[in-house]
Amino acid sequence: MRQIRNAIRYLVVIIINVFIMYVFHSYINLLLLIGLLLFPVYSIYGVCRVKRELSLKLVLPKEPMEKGTEFHLSFILHNPTWFPLVNGTIKLTTENCFYEEKGVHYLNVPVRARRDTETVYPIIMDYCGRLAVKAEEIRLLDLLGIYETVIPVGEERECLVFPKGELRNQEAGQIYINGVSEAMESREKGYDFSEISGIREYIPGDKLQNIHWKLSMKKDELMVKERISVSAMQLNVLVELANDEEMRLEGVLELADSITRSFVEQNLPFTVYYYSTNLGELKECFIGSRVEREQWIEMLLYDRSYPDTGRVERMFLKEHTSAESYLYIGYGMTVEGENIMFGQKDAAAVLKG
């Protein structure tokens, strides 16, 4: 419709010029008429040439960005021809793959002749996740605005946006100690959270449950299995990836980032669990360093959220039937006590078990 209006306006200009030329017998108007008749040919031919040669490159930061931090999305149009265009429209689809939220955007950019045209847009993400940007197509309009053509592109880039939680070393350290202490108490009551590191002779005071009875009968003396604690000296952390219309998962991720970063800062090893929608199973990651924690967050953001709460806890308890202590991070919990940390958007971390 727009092209038809532009064509009608151009025809009106030609008709007025012809009228003036016949009334005043002006050679200038004759030359102008020739130019007006030739210019549409040049304009349409220029679009066709640009269509064959034009290329687009998207640029996003390669390193993960923190939520609320400004970064830039760049569009670089390379036009090696001598034909400039005023109107180029890039159709973009953007998606936060973690939350499965999509959007379509149209950006108008000029196309300069014989050079690259770079357009930079600042972006600030309100939510963490995996931002995927795809240029679907470029619509080119000739200089007169009467002919339009489409270039399929398919150029795609993505960027990870990490949650940003404040360090809470004191609270996180205390809840870690409480969780490990409860695990040790469970072990004292008969739960085995250790592996055998060696065998030695019995010393008065050793627990009867650690006696190696078969070997003791062969040697006619009591032999004891020495053990090294495996899970009693670390904490299991469950991160619930359920989300709702209020985006309360953002508070959960921010609190999980705060707690796990505090653990790493204090050299407190832990194992984190979350439900993987992509794999349909419980994922387990041991974290003992900053690099391992960042790798876990990247792996988590390449997954997807889900609607129902409590999924990770149900699956964890199903697979771990022993009375282990664990730190559950989710939202919508009405709990009180010392072993709890609160975050934004009704998020809370509760020591259970």
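User: Which residue forms a salt bridge with D257?

Analyst: This is a predicted model. The closest N and O atoms are 3.6 Å apart. The partner of D257 is R261.

User: Is D257 buried or exposed?

Analyst: Buried means under 20% relative accessible area. D257 has 4%. R261, at 25%, counts as partly exposed. D257, by contrast, is buried.

User: What is the N to O distance in the salt bridge of R290 and E294?

Analyst: Both residues sit in helix 6, four residues apart, so about one helical turn separates them. R290 is exposed at 52%. E294 is partly exposed at 29%. Their side chains meet at 3.1 Å, N to O.

User: Which residues are linked with E137 in a network of salt bridges?

Analyst: E137 is buried at 17% relative accessibility. One of its contacts is a salt bridge of 3.2 Å, N to O, with the side chain of R139. R139 is partly exposed at 31%. The network links E137 with R2, R139 and E148.

User: Which residues of strand 11 point the other way from L235, V237 and V239?

Analyst: In a regular strand, side chains alternate between the two faces of the sheet. Five of the five residues in strand 11 are buried. Opposite to L235, V237 and V239 point N236 and L238.

User: Which residue in strand 12 is the bridge partner of L235?

Analyst: Strands 11 and 12 pair in the parallel sense over four bridges. The chain crosses between them through helix 5, in a right-handed β-α-β crossover. The bridge partner of L235 is F270.

Technical notes. Residues are numbered from 1 along each chain as its sequence is written. This is a predicted model: local features need pLDDT of at least 70, side-chain atom pairs count only at pLDDT 80 or more; totals for chains, interfaces and linings use all residues. Side-chain values use heavy atoms; hydrogens and water are left out. Buried means under 20% relative accessible area, exposed over 50%, partly exposed in between (1.4 Å probe, protein chains only). Helices (H or I, at least four residues) and strands (E, at least two) are DSSP runs, numbered from the N terminus. Two strands pair if DSSP finds at least two bridges between them. A crossover is right-handed if, with the strands pointing away from the viewer, the path from the first strand over the helix to the second runs clockwise. A salt bridge is a side-chain nitrogen of Lys or Arg within 4 Å of a carboxyl oxygen of Asp or Glu.
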